[in-house]
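Work through the exercises below with the sequence and the 3D structure open beside you. Try each task before you read its solution.

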Amino acid sequence: MSATLSRGSLQPGQQKLAEKFTILNDRGIGMLTRVYNIKKVRYSACGDPKAKPSYLIDKNLESAVKFIVRKFPAVETRNNNQQLAQLQKEKSEILKNLALYYFTFVDVMEFKDHVCELLNTIDACQVFFDITVNFDLTKNYLDLVVTYTNLMMLLSRIEERKAIIGLYNYAHEMTHGSSDREYPRLGQMIVDYENPLKKMMEEFVPHGKSLSDALLSLQMVYPRRNLSADQWRNAQLLSLISAPSTMLNPAQSDTVSYLGFILCHGVLNSDQAALSLWKLALQSSTCLCLFRDEVFHIHKAAEDLFINIRGYNKRVNDIKECKEQALSHAGLMHRERRKFLRSALKELATVLSDQPGLLGPKALFVFMALSFARDEIIWLLRHADNIQKKSTDDFIDKHIAELIFYMEELRAHVRKYGPVMQRYYVQYLSGFDAVVLNELVQNLSVCPEDESIIMSSFVNTMTSLGVKQVEDGDVFDFRGMRLDWFRLQAYTSVSKASLGIADHRELGKMMNTIIFHTKMVDSLVEMLVETSDLSIFCFYSRAFEKMFQQCLELPSQSRHSISFPLLCTHFMSCTHELCPEERHHIGDRSLSLCNMFLDEMAKQARNLITDICTEQCTLSDQLLPKHCAKTISQAVNKKSKKQTGKKGEPEREKPGVESMRKNRLLVTNLDKLHTALSELCFSINYVPNMVIWEHTFTPREYLTSHLEIRFTKSIVGMTMYNQATQEIAKPSELLTSVRAYMTVLQSIENYVQIDITRVFNNVLLQQTQHLDSHGEPTITRQFWISNGHIAYFPAMKAFVNLPTENELTFNAEEYSDISEMRSLSELLGPYGMKFLSESLMWHISSQVAELKKLVVDNVEVLTQMRTSFDKPGEMAALFKKLSSVDSVLKRMTIIGVILSFRSLAQEALRDVLSCHIPFLVSSVEDFKDHIPRETDMKVAMNVYELSSAAGLPCEIDPALVVALSSQKSGHCNNIHCLAKAINQIAAALFTIHKGSIEDRLKEFLALASSSLLKIGQETDKTTTRNRESVYLLLDMIVQESPFLTMDLLESCFPYVLLRNAYHAVYKQSVPSST
C-alpha cells in the first residue's frame, strides 16, 4: 500500500480522524461478528445446525461447486453447460439464500478500503502517537490495526468462502447476464489474502513508522503489566491497606495496551526496545485471540513468516527460544498471577464493602484489578483449550471461581455505590480538574482560536457541575466532551499543528485523567464492560461447565459457585447491532446455562440437606421408646446383680454421645455436611435475583422447588410401606422422623432467606390428599386399617391381635392405640383424616348395600314381624322364616369395627386440634352443642360436618350420611361393636329417607325388647345360648344412642334382667379355679 495522497493538499482539521476512528472501530467489531458467524455456522457454534447453506452440501451441485472453486476467481459459463446445468435450475434460490453471505464479504472489502484510506491519511499527516499523551488517538489507531488484521485472518479461515462468492456470482450472471459489479475486486481480495499475515506485512511497509511509534510508546506500560506475581506482590499492587496514609489520595496509573510487532517487523532489527517488547509478548503466551474462541499460535505464525525472509535467522532463533520459555514457564507464571490476584481482589472487595466511600479516590484500583483479573481468566481459558504441552496442571485452576467471584463482588460494589462515585468525581471535576486545566490553558504560549474554544468549553462544562445534580438524580452525559477531546488530539497530533500535543505532554496527561473522571460520572456500566466483561465464556461452553463442576466438587470453592450464573449476565454484551441474528442464539445459551447452573447448585444443596436429615433422623430414632428396653434391662440386672450377656460385650452407647468432643479438631461427617451446606447456601443466597436477556432468575426459588420435591419423596419413603407384605412404619415413628426432617429444614433459614414454612405448607397439605401434585401416592393413601384377626377393646381404646395359627405381620395394638392415632392425626391433619373417614365410609356403604339385599330377600317376613312384635308365639314362628341371619350379624359387626376405628381416629383428631387451635375447637363444640332440635336438617348437617372435621362426635355422622346417600340401588367376636353400627346406620338411613330418627329407634327398641323377653321364656338351650350377652347388647345400643334413654328402656325391658345379665357375663369371663 503506498501513500497516494499529497501532503500539501491535506488539511488535517478537515480529515475528521476522530470520527473515522470511532465509526471504523465499531464497524470492524461488527464485521468480525458477522464473519465469525459465517465461519461457525458449519460447526453450529452459535446458530441453527440447519443454518449452513444447503447448496454447499447438495449432491446435485457438488460438481458445479468444485468447478467454481477450481476456476475461482475466473468466470466461465459458456463451455461448461453440463456442469452448471443444475445451477441454472436453482439460480434464483441461490441468489436469495446466499445474498447475506456474499454481501458480508463485500462489506469486508469496503471496510478494508476505508481502513487503507485512513491509514494513508495518517501517514500523510504524519500523526504523532504516544499512548501516555494522546491516549484515545493512539488506542483507537492500534485497535483499528488489530481489528483489521484479525478480520482478514478470520476471513481466510472460512473454507467455503470461494464457493459462496463463486456460486452467488454465477447465479447472478445466469440471471442478469453479467457478473456482480463488486465480484472482480472481491474475488481478487480473496485470492490475495490466502496468506493474510504475509500480505499485510507487505501492506504495512509504508505505515511502519506510524505503527512502530505507537507500539514503542507502550514500553513504559506493557512491561509493568507483564511482571511476575512476586514482583506485583513486592510492589503491593492493588493494595489499599499497604499505605493507609495515602488511602484518600487518588490513585494514578498509565493505561495498558498491547500489540505485536509482526506487521512492522523491520523495527525489530533496528530498535532494541521494540525487540524486548516483542520477546516479552512471545514469552507470556503461546496463542492469541483473533475473535472470541478463534485463536492463532503466534510462534508458528511468526516462524513461518520470518523463515523465508533473508537475514531473519536470528529472529527465528529468538522465536524458538521464546516458545520454549512460554511452554515451560508461562503456565506457572500466570497461575501465580491468578493466585496473587485472588488475594488482592479479596482484600480490595473486603475493604470497599466496609468503606464504600473509598470507591471514589480508589476507583482506578478497582478497574485495574478487574482488568488484570479478566486478562488472566481469558488467558487461562484460551490456553486451556489449546494446550501445547503434555503437563496440564498449570492450565487447570480449581480456584478460578473464587477469582471470578471477587470480580463480581467488585462489579456489584461499583453498581451499588455508583452515586457515591458520582458525588466524588463531580466535586473532583469542578473543584480540581477544572482549575488545573484552566491554568494549563492559560500558560500555553500558543493556542489557536479553535483549540482555545474547545478547551474553554471543557473548563466551563466542569465548572458548572455540582453535587446537587447528583442528589436530584440528574442524568450526566459527557460523550460530547470526550469526542471533542478526541478531535482535539487529532488536531494537535498532526505534523504541522499550531498547537502540538507532543510539546505539551502535561496537557495531554491531564486531559486523559479528566476523561477518566468523566467516565466515573456517566459511564460506569460501560467501564465495567470494558474492563471486566467475560462474555467470552459463551463460546467456551465445555470449559465453562467443567469449571463449574470442579467448583461444586471442591467444598471450599462451592461458596463461589454463584459466579458462574452471574457470568451468564455478561453474554449479551458480546452481541453487535450489525449481526442481530445471533442475539437469539446467544440469549438462549445464556438462559440455558444459567438455568443449568442454578439447578445443579440447588440439587447439590438438596443432596447435602437430605444427608443431614438422614443423620438427624437416625439420631432421633435412638430416642424412641422401643430402644430403652435394653437400657432398662441392663439397669434391672445390674441392680439385681445378675450377669447376662456375653463377657466383653461392648456397652451400648447412649444417645447424645456424638456431641461429646474430646478434641476440637475432631470432625464428624455431620460437621462436614453442615460446613459444605453453609458454603453452598452462601452462594445461593448471594443475590436475590439476576436478570438475563429480560428474564429474571431467583436462585432461592430453585432451592425451594427442589426441597419441596425431595421432602415429598422423603415423607412417603419414611413410611417404609411394603405393598407385598403390607408392612408400614408406625405413625409415631414416622412423626418423629418427619419432625426431625422439618427441624433440619427450618435451620436452612439460617443460611438462606427462603420461606421454609411455605415448603411445609405445600408439601404437608399435599400429603393430606390421596395423591400429590405429581400424581404420586401420599401417606394418606398408604395408611389403612387391617381387617385381619383383630379385636377392638374399648377399655384400652385400641385394637388387639387375636391368637391365630398364622403369624401376623404386625401388632395391631402398636398401630391403633391412642398415641399412635394422635400421631396419625398430626401427620394427616383434618383433611387427611377426612379422606380416611371417607375411605372407611366407602367400606361401610358396601356392607350396607349387602344388608339391603338381605332386607329385600326377607321383606315380607320383616313387615309381618313389625306388626306382630307383641305376639310372642307369632314372632317365634316368623323368626324361623328369616334367612341369612348370621350374615346380617357378621356384616353389622364389620360396620361396628370400622366405626369404632373411626371413633378412635376422630377422638385423636380432636385431641390434636385442641392442642393446636383450642379456641377454634371450643367454638365449634359450643356451636354443635347448642344447635336447636327443630333446626332444618340441611343446616344441622352443615354444623355436623364442621364438627366432624374437628373430630367432635355428632348425633348424626355426616360422612356416613354422604356415603350411604350415594347408593342408589371388647369381645373377641367384636359383637360389642354392633351397638355403634346400629345407631350410626339407623341415624344415617333415616336422615336420608327423611324419617323421624327418634320414632324409628323407639319402634326398634320395642321390637327388640319384645323379642328378647320372648327368649327369656324359652327352655331350649340352643335358643337361649348367649342370652345374657344379647341383653347387654340392647343396653349398649341405648347407651350409645343420642335418641334413646334408659327410662325408655326400663319402660319396655326390666332392669333386673340387665343386672342379672351383667353378673352372669362377668362370672363367665372370670376363669374358674380348680
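**Exercise 1: Salt bridges**

K39, K40, R157, D293 and E294 are linked in a network of salt bridges, where a salt bridge is a side-chain nitrogen of Lys or Arg within 4 Å of a carboxyl oxygen of Asp or Glu. This is a predicted model, in which local features need pLDDT of at least 70 and side-chain atom pairs count only at pLDDT 80 or more, while totals for chains, interfaces and linings use all residues. Residues are numbered from 1 along each chain as its sequence is written, and side-chain values use heavy atoms, with hydrogens and water left out.

Task: state how many salt bridges the rule gives, and describe the one that E62 forms with K66.

Solution. Step one is the count, which comes to 41 salt bridges by this rule. Step two is the distance: the closest N and O atoms of E62 and K66 are 3.5 Å apart. Step three is the position in the chain, for E62 and K66 are four residues apart in helix α2 (residues 62–71), so about one helical turn separates them; helices here are DSSP runs of H or I with at least four residues, numbered from the N terminus. Step four is accessibility, where buried means under 20% relative accessible area, exposed over 50%, and partly exposed in between (1.4 Å probe, protein chains only). E62, with a relative accessible area of 33%, is partly exposed, whereas K66 counts as exposed at 51%.

**Exercise 2: A pair between two helices**

Task: find which parts the salt bridge of R423 and E471 ties together.

Solution. First, the side chains of R423 and E471 meet at 3.2 Å, N to O. Finally, R423 is partly exposed at 37% relative accessibility, and E471 is exposed at 52%.
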